[in-house]
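Please open the structure in the viewer and keep the selection panel at hand.

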Amino acid sequence: MTYLKRELSHRFLTPMGHFTFWVYLFVGIVFFGGFGVWYEVIPFWFSRPGSTSAGIYTALLTFFPALAGSSALQLLFAEGQKPLKAFSVAYAVVFIALAVWLGFAKPSNPIIAFTGATIGALLAILMWWLTSGNDPAFNDAIDDRSTLGADPKSTPKGDLNGFEV
């Protein structure tokens, strides 16, 4: 449990200060990944004919299992110890159970149904966060000295033996 707690904390806290991570989270995951949800929500907000809460509910039910399942599988195949892999499997089982309950049992109370689907979407985003928290693609560790170049007094590496002009 100590390893899992340490690893999940690291994966959660590491990307917090990286602008690239936040842009990808909002643009890639929330906007593009959740496009079906936005496609249903925006007309509903503007009271357009034909837009229903059932469409939003269906969009949420298709968004969160896909994001959570793909993130759990990515974490399963990533570098890490067995507790991290077991966590990804357990998380996937929870999402399968939630999706089956919300999709097939269909709670009769719409507040319970939408609360469950919203919690599922938020937990799916958290799963993506934990999966992608160590991804170097989202790391903004920029060396501020890199634009200054090398020391002009240093001898360049290599040689010009055999080079003809």
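**The whole model**

This is a predicted model, in which local features need pLDDT of at least 70, side-chain atom pairs count only at pLDDT 80 or more, and totals for chains, interfaces and linings use all residues. Residues are numbered from 1 along each chain as its sequence is written, and side-chain values use heavy atoms, with hydrogens and water left out. Colour the protein by pLDDT, the predictor's confidence in each residue, from 0 to 100. The mean is 86, and 93% of the residues reach 70 or more. Helices here are DSSP runs (H or I, at least four residues), numbered from the N terminus.

**Glutamate 7**

Select glutamate 7 in helix H1. This residue counts as buried because its relative accessibility is 16%; buried means under 20% relative accessible area (1.4 Å probe, protein chains only). Its side chain makes a polar contact with the side chain of arginine 11, at 2.9 Å. Such a contact is a pair of N or O atoms within 3.5 Å; within protein, one must be able to donate a hydrogen and the other to accept it, and residues adjacent in sequence count only if both atoms are side-chain atoms. Residues up to four places away in sequence aside, glutamate 7 touches Leu84 and Asn134, where contact means heavy atoms within 4.5 Å.

**Threonine 131**

With 8% relative accessibility, threonine 131 counts as buried. A polar atom of its side chain lies 2.9 Å from the backbone oxygen of methionine 127. Which residues does threonine 131 touch, not counting those up to four places away in sequence? They are Arg11, Ser71, Gln74 and Leu75.

**Serine 132**

Serine 132 also has its place in helix H6. Its relative accessibility is 3%, so serine 132 counts as buried. Leaving aside neighbours within four places in sequence, serine 132 is in contact with Phe21 and Phe138. Now display the C-alpha atoms of serine 132 and glutamine 74: they are 8.9 Å apart in space, although the two residues are 58 apart in sequence.

Note on methods
Buried < 20%, exposed > 50% of the residue type's maximum accessible area, 1.4 Å probe, protein only. Helix = DSSP H or I, 4+ residues; strand = E, 2+ residues; numbered from the N terminus.
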